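Me: I am new to this structure and would like to go through it step by step. Could you show it first?

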Amino acid sequence: MGLESPNQEPNSSFTKTLLSGTSDELFNQGWRRTDFGFNLGRQTGALDIIKGEERRLIYPTTQFDTEAYQKLLLAELPVFETALVPADVPDGFNTVTIPLSARALDSMEFPDTNLQPGFLGSFEIMTGVAELLARIYGKTGTLPKNLRLGQLALVVDQNKKDPCIIRLIPPLHLTQKAISIQSVSINLLKDLDNQDPMHDHQKQVEYFKNMFNDFLKYVEHRTA
Amino acid sequence: MLSIEQREASNQSLRQNEYHFNPVVADAARELNCQGQKPRRLVELTTIMPPNGAEAREGVYILPNWEKNNILRIVQSRDYRESFTRGKSAHNVSFGMAELRTPKASIITIPVAIKPFTNPENGSLKNARNALTDATANAWVLKRGFSSTNPIAVICGEKSYIITPVKQGVQSLDTEPWHQFSSSHDLEIREHFIGRLTQVARILADLNFRGINQADSQLRNFWITPDGVMEPIDWESATIHQDPPFTTELTSIAISTLRPLYGNLVQGNNGSPIIRGSQVSLWNQFDLLILEPYIKRLEDNFIGSGALDENEELLNTLTTIPEALKSRLGLNSKGS
């Protein structure tokens, strides 16, 4: 995983081809491709672009994505908000606003062995992931299908409406099939170990599970 | 599995982390309060640094870019969590909020990074001198046209602190998964990391050309903005020279700049080397990835300025930098 992902969408190059006209049009208007390390479209071939303080992601949407987006909005859960770009976007693509700081979790190392007060370390990020998933699960009874690290973005932005530091990267796909947090944890650990083999992530993932359960109790208590 | 006690301790720790003030921020707020009534001094960039470092006295110094502002207090707020920066800090830089009085007399609250200088702990002007030297070097870097941290003020007391606005969205270069640089066969990924190193080399050449020796050129001392712009940070060890530097100084500036980077690439971040192999191979990789773009950029800068015209001494200096560095690194001419 990480910048090198075995889980890459099979149609990512096709997506890039479909978006080539759009990207040419936008680049002529001064938009630029977001830096490779920040790019949220690496996994899907989506177009992550930036111009000054503005950033957009143009990605291939699906029915699952539309449904999941509506579900999250209704439940007042954090999403990247839909937006427009001044260009022709092909049918089947959606555009969202991305905070400048957003960065996929598969583009970073997770070296910490404990909380890093004052810093955004591995454990704080795990807390953010747990918070987001617990809120989604507690409020909608769903979890992201086949969640991988590359589908999660870190957002550190003072202007964001929701305090959670993690967002799902679209296209979204939530499923009501019984997904245990244990299986999510196994995938997370596998991704962390693949992406950052120099560090031990077992404790981080245990922490994630504990925090998920704690947040879930909190959400259930609030909604009871 | 964590025991119930460990889990409770972890949760407690998280709560403390979220709701309690970072001790560095608390100490800085206290020190600012102590120095609050004293008149503000302006950091003046009248002499090249060193020779003697900054003349520091207790009080609050305002940096030139913030001349008509005043720092009123450091505010305890949970919002500091929103200013988190990804990446470890060797200096224990922490994040809080600061209240500023602007030139229009309005008061604004902004997220700030607080870099402490607290060693020795029992207080001495050594801390103040170090903090002021760091901030002054930073101010020189900005004055010479580079984009970097833009500190507002230095609080000089028994403990000293540099207060700098948080730059949103930047990520420290060392937080990327550098192990993939040597392990990945994906062309795009290798190009990504090679591009990063080329950017580092060019920035160092630009700095050196303008008489700035960063002197601690590790990957963690660069950050990246979302549109891919790399900026150098952390001027604690920096020295500021003539702009451009004297030819006689150039080699020593180059060596002082490049040597830490070689060590950083060989040792890596968090124990994971970025370049691997025998000593010969390490040197060859460093030569290709860093030295070539560095020297090329330095040459281009000097050509652009006209300084290379009929200046054989400068030309010779540029061509001897690689060998001089190799020698300084303790690698003999055969690289064995």
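**A residue and its surroundings**

Reply: B:Leu125 has a relative accessible area of 34%, so B:Leu125 is partly exposed, a class that lies between buried (under 20% relative accessible area) and exposed (over 50%), taken with a 1.4 Å probe and protein chains only. This is a predicted model, in which local features need pLDDT of at least 70 and side-chain atom pairs count only at pLDDT 80 or more, while totals for chains, interfaces and linings use all residues. Residues are numbered from 1 along each chain as its sequence is written, chains are lettered from A and ligands numbered from 1 in the order in which they are written, and side-chain values use heavy atoms, with hydrogens and water left out.

Me: Which residues does B:Leu125 touch, not counting residues up to four places away in sequence?

Reply: B:Leu125 belongs to helix α3 (residues 125-143) of chain B, where a helix is a DSSP run of H or I with at least four residues, a strand is a run of E with at least two, and both are numbered from the N terminus. B:Glu58 lies 67 residues from B:Leu125 in sequence, and their C-alpha atoms are 7.7 Å apart. With contact meaning heavy atoms within 4.5 Å, the residues touched by B:Leu125 are B:Ala56, B:Arg57 and B:Glu58.

Me: What share of the 336 residues in chain B is buried?

Reply: Chain B holds eight helices and 12 strands. Of its contacts between residues at least 6 apart in sequence, 66% join residues at least 24 apart. Among the 336 residues of chain B, the buried share is 53%.

Me: How are α5(B) and α7(B) oriented to each other?

Reply: The axes of helix α5 (residues 187-209) and helix α7 (residues 279-305) of chain B come within 8 Å and cross at roughly 40°. Angles, which run from 0 to 180 degrees between N-to-C directions, count as roughly parallel under 35 degrees, roughly antiparallel over 145, roughly perpendicular from 65 to 115, and otherwise as oblique. Because of this angle, the orientation of α5(B) to α7(B) is oblique.

Me: How many charged residues does the contact of α6(B) with α7(B) have?

Reply: Helix α6 (residues 247-267) of chain B packs against α7(B) at an angle of about 140°, with the axes 11 Å apart. Residues that meet here include B:Leu250 and B:Ala254 in α6(B), and B:Gln279 and B:Leu282 in α7(B). By class, where Asp, Glu, Lys and Arg count as charged, the contact has 14 nonpolar residues, one polar residue and, as for charged ones, no residues.
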